[in-house]
Amino acid sequence: MSTPRSRAAEIFGQRVRTARVARGMSQEDIANLADMHVTNYGRVERGESNSELHTIVRIATALDTDPAELLAGLYGDGMLPPQSRVYSVADFLAARRAEEGR
């Protein structure tokens, strides 16, 4: 069994799967509507894919949902792989103030 690329990808995939099942559609149905290969679509649902914006929009369109619903709250600590460091505007401003204070 493979591991999700990140917590964000895992949650996104779960949301996509939930929306698909709620509509009574198969992976193949949604993959076709989103103009994707079913194997790639399955990777999205399993959180194994780091989807491009265009892919996210195509999937959301096929599911008749707003992409924002699929992406809501997917930011902050613990969402990206451990080796990634996310810097926010607050981090940048704090570092700038510290540099100016020297």
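Helices here are DSSP runs of H or I with at least four residues, numbered from the N terminus, and the model in which they are drawn is a predicted one.

**View 1. Glutamate 28 in helix 2.** Helix 2 covers residues 27-33, and glutamate 28 lies within this helix. Because exposed means over 50% relative accessible area, glutamate 28, with its relative accessibility of 51%, counts as exposed. Between the C-alpha atoms of glutamate 28 and threonine 39 there is a separation of 8.8 Å, the two residues being 11 residues apart along the chain.

**View 2. The packing of helix 1 with helix 3.** Two packed helices are described by the angle between their axes and the distance between the axes. Helix 1, formed by residues 7-22, packs with helix 3, formed by residues 38-45, at an angle of about 115°, and the axes are 7 Å apart. Helix 1 is therefore roughly perpendicular to helix 3, since angles of 65 to 115 degrees count as such. On the side of helix 1, the contact involves Ala9, Phe12, Gly13, Gln14, Val16, Arg17 and Arg20, which meet Tyr41, Val44 and Glu45 in helix 3. Taken by type, the residues of this contact comprise five nonpolar, two polar and three charged.

**View 3. The lining of the largest pocket.** The largest pocket holds about 250 Å³ of space, and 13 residues line this pocket, with Ser6, Ala8, Ala9, Asn50 and Ser51 lying nearest its centre. Helix 1 gives the most to the lining, contributing three residues. By type, the lining is made up of eight nonpolar residues, four polar residues and one charged residue.

Definitions and conventions
Residues are numbered from 1 along each chain as its sequence is written. This is a predicted model: local features need pLDDT of at least 70, side-chain atom pairs count only at pLDDT 80 or more; totals for chains, interfaces and linings use all residues. Side-chain values use heavy atoms; hydrogens and water are left out. Axes are lines fitted to C-alpha atoms, for helices over the stretch in contact, and angles run from 0 to 180 degrees between N-to-C directions. Helices (H or I, at least four residues) and strands (E, at least two) are DSSP runs, numbered from the N terminus. Angles under 35 degrees count as roughly parallel, over 145 as roughly antiparallel, 65 to 115 as roughly perpendicular and the rest as oblique. Contact means heavy atoms within 4.5 Å. Ala, Val, Leu, Ile, Met, Phe, Trp, Tyr, Cys and Pro count as nonpolar, Asp, Glu, Lys and Arg as charged, and the others, Gly among them, as polar. Buried means under 20% relative accessible area, exposed over 50%, partly exposed in between (1.4 Å probe, protein chains only). On a 1 Å grid over the protein atoms alone, a cavity is a set of points where a 1.4 Å probe fits but cannot get out, and a pocket is an open set with protein on both sides within 12 Å along at least five of seven lines; lining residues have an atom within 4 Å of a point. Grid points are joined across faces, edges and corners, and a volume is the space filled by probe spheres set on the points.
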